[in-house]
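I opened my notebook for this one and wrote down each thing as I looked it up. Have the structure at hand and follow along.

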Amino acid sequence: MKNRRTFIQHSAAAASTLAFPLIGGAQPAAVKIGVLHPVTGALAFSGQQCREGALMAIEDINKAGGLKALGGARIEAMLGDAQSQPQVGAAEIEKMNEAGVASVLGAFASAICLATTQAAAKYNLPHVVDIGVADQIVQRGLKNTFRFGPGYGVCAQIAMVNLHVLNSVAGKPAKTVMIIHEESLFGTGTANLLTRELPGFGFEVKEVIKHANPTRDFNNIVLRMKALNPDIVIPANYYNEYALLVRTMQQQKVQPKAIYSVLGGAASSFKFLKEFPDAANGIIDCNHWFNPKDKRAVDLRKRVEAKNLFFTYEIFNTYTAMMFLADAINRAKSTDRAAITAALAGSSFSDHFMPYGPTKMVDGQNTGAQPLMTQVLGGDIKVIIPRDYRQAEPMFPLKS
Amino acid sequence: MLDFDILFPSLLNGLTTGAVYALVALGLTLIYGVLHIINFAHGASLMLALYGVYLLNTRLGWDPYLALPLMVAGMFAMGYALQRVVINRASHGKDENILLVTLGLAIVMENLALLAFSADTRSIDTPYTLRTVPIGPAMIALPKLIAFGGALAVAGSLLWIVKRTDLGRAIRAVAKEKQGAKLMGIDVEHVYAMSFGIGLACLGAAACFLLPAYYVNPQVGSGFVLVAFTIVVLGGMGSFSGALLGGLLIGVVESIGGLLLGDSLGQVGIYLIFIAVLLLRPQGLFGDRA
């Protein structure tokens with residue numbers, strides 16, 4: 001038995017040396033990281049995109065020699081499916097904890113992240129939130145929870161200030177707003193923020209409409225829109241519903257002065273742009289976006305597109321979040337959960353292509369994170385604000 | 001808000017949805033009218049039919065409308081076999097048993113679908129999914145318009161079968177007086193199974209009309225079956241014209257309600273009407289006084 005085991009160990013070592021010639025000698029144990037997303041259910045598209053982003057990051061880290069501080073240890077993903085439901089996400093955390101993961105990355109939707117971070121906190125399991133924009137996620141005093149990207153508070157604030165600026169520069173053509181949002185934490189929270197703050201910027205919020213996930217008929221909502229005739233329509237929802245809403249608006253020939261999204265699921269998506277170029281034209285979005293001038297982002301986009309996938313925010317955000325986590329494990333020099341948590345909290349990670357300021361974690365939130373404003377112009381998604389990243393002049397209001 | 005340009009499209013939208021509701025309710029009311037059983041597996045059967053259309057489209061590339069004959073035949077065969085092999089045998093002639101058997105069937109079907117297809121919401125993409133047809137100030141989605149026409153055609157042929165054919169006469173005879181029908185030489189067991197089969201065949205047709213503009217997941221049937229029960233009671237249990245008009249009425253009320261009260265409150269109107277009918281005209285709009 002002993003001989004057989006030794007033989008297997010030696011074979012494994014030999015095999016890994018052959019397979020990874022960059023890493024000489026014995027291979028240190030792989031570091032297991034939970035990669036948890038809603039890859040089935042209503043959010044399946046986004047969840048699968050997130051998973052792809054995380055796996056590409058792991059592939060890149062392993063190719064470049066693994067976790068250097070741990071003797072080149074490879075990262076091994078333990079995949080989890082939250083099935084688009086918070087309670088399933090929390091159950092997956094239990095499994096991952098049992099399996100001894102060093103950390104968890106996930107879980108796309110705010111409502112799911114709220115459950116998974118809480119479940120992980122019980123085991124002091126460090127949890128990096130890849131998207132999950134609801135600010136409650138990082139406001140509950142959970143020491144294990146870290147979000148590298150911006151939350152919806154910052155996004156809504158930046159969106160409102162910029163809307164005010166765009167409107168003022170154009171001679172204030174827009175006065176009324178209609179908000180359409182999905183019913184879970186992300187959409188409701190964003191809509192509440194906007195409803196409260198927009199009047200301060202001189203906009204009248206004519207109506208706030210909530211819808212379920214999934215919704216397969218937006219005719220009634222669009223008919224209401226027709227009746228109210230708002231100058232600006234602000235959608236805050238996930239991809240499928242966003243796409244259907246804008247397509248129904250097009251079917252029903254509703255053309256507001258601007259479709260101005262805050263974290264719009266499809267508004268700055270190359271998938272939407274390719275499938276419905278006419279419906280997408282002119283849409284403005286305040287959303288996660290990469291630095292368009294960074295070559296690494298451009299290269300990653302090419303690689304993603306070579307796989308016949310779309311380079312959506314799910315992919316590049318989760319990719320960067322995984323890099324942020326790997327950087328912390330490297331600095332922790334250990335897979336100890338407390339050490340990784342401390343390294344995440346003190347992170348100054350800067351080797352990435354997101355348009356962020358210096359990384360500084362305050363209560364688990366990266367205060368350097370910010371969204372960019374994009375607009376679909378001439379069949380492409382262009383950054384319009386801020387000036388440092390600008391690729392095109394904004395078009396506001398839409399000439400239609 | 002009460003502008004014609006807004007109300008009219010919402011009304012048409014409701015009529016098109018209502019026609020499909022009517023189709024689902026017609027199957028339910030036929031099964032009730034003849035077998036006097038409330039088929040709890042109706043929603044789950046619709047779900048299976050939707051998966052059937054989905055598979056034919058995604059695996060074999062069949063257009064959902066071309067799949068109609070096969071789906072109607074397939075669902076008919078399934079219904080006939082279910083009644084003969086499972087429901088009839090397990091019920092031992094007791095109505096309360098049948099209720100439990102159909103409920104059990106629904107649970108089995110839903111969980112089998114969960115196993116086979118997971119909880120994913122799936123939809124199909126056809127070249128006409130996004131097409132619209134202008135009718136006056138309204139823009140109506142083409143699949144919904146086809147569903148409207150198709151549902152009315154299927155309802156028409158169902159009425160023709162029941163009123164004009166020997167099978168229809170036998171069905172009506174069994175529904176009215178089982179013993180008498182038996183004495184006249186009608187094979188009651190066969191008529192039972194035929195009725196159940198035709199009831200499910202309606203679902204096969206409904207699935208073909210629904211899927212181009214709708215979606216399927218293992219729970220999709222429950223939403224329809226609740227509405228269908230409401231329609232059946234509203235129109236009068238066992239009444240075909242009641243189911244048809246009730247379906248259209250419910251579709252319109254739901255749509256206009258959604259327009260005026262918002263999406264989540266839209267269905268309130270349906271149940272208000274339902275309660276009012278139960279209070280004021282318990283036999284239903286077109287039902288015979290018991």
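I began with the cover over the buried residues of H3(B): helix H2 (42–60), helix H4 (95–117) and helix H8 (188–210) of chain B are among what covers them. For me, contact means that two C-beta atoms, placed from the backbone, lie within 7 Å. Helices (H or I, at least four residues) and strands (E, at least two) are DSSP runs, numbered from the N terminus.

Before going on, I noted the ground rules. This is a predicted model, where local features need pLDDT of at least 70 and side-chain atom pairs count only at pLDDT 80 or more, while totals for chains, interfaces and linings use all residues. Residues are numbered from 1 along each chain as its sequence is written, and chains are lettered from A and ligands numbered from 1 in the order in which they are written.

**Helix H3 of chain B.** Which residues of H3(B) are buried? I listed B:Met71, B:Val72, B:Met75, B:Phe76, B:Met78, B:Gly79, B:Tyr80, B:Leu82, B:Gln83 and B:Ile87. A residue is buried if 20 or more other C-beta atoms lie within 10 Å of its own, exposed if 12 or fewer, and partly exposed in between, with C-beta atoms placed from the backbone. I then found that this helix, residues 68–91, bends by about 40° at B:Gln83; the bend is the angle between axes fitted to the seven residues ending there and the seven starting there. Just after H3(B), I saw B:His92 with a positive phi of about 50°.

**B:Lys144.** I located this lysine in helix H5 (residues 142–164) of chain B. Why does B:Lys144 count as buried? Because B:Lys144 has 24 C-beta neighbours inside 10 Å. Setting aside neighbours within four places in sequence, I found B:Lys144 in contact with B:Thr16 and B:Ala213.

**Where the chains meet.** I counted 21 residues of chain A in contact with 22 residues of chain B. On the chain A side, strand S7 (204–211), helix H7 (219–228) and helix H8 (239–251) each supply at least two residues. H7(A) gives the most, with 7 residues.

**Domains of chain A.** I noted domain 1 (2–150 + 293–369) and domain 2 (153–287 + 373–389), with bounds from an automatic or database domain assignment. Their centres, taken over C-alpha atoms, are 31 Å apart. The contact takes 18 residues from domain 1 of chain A and 17 residues from domain 2 of chain A.
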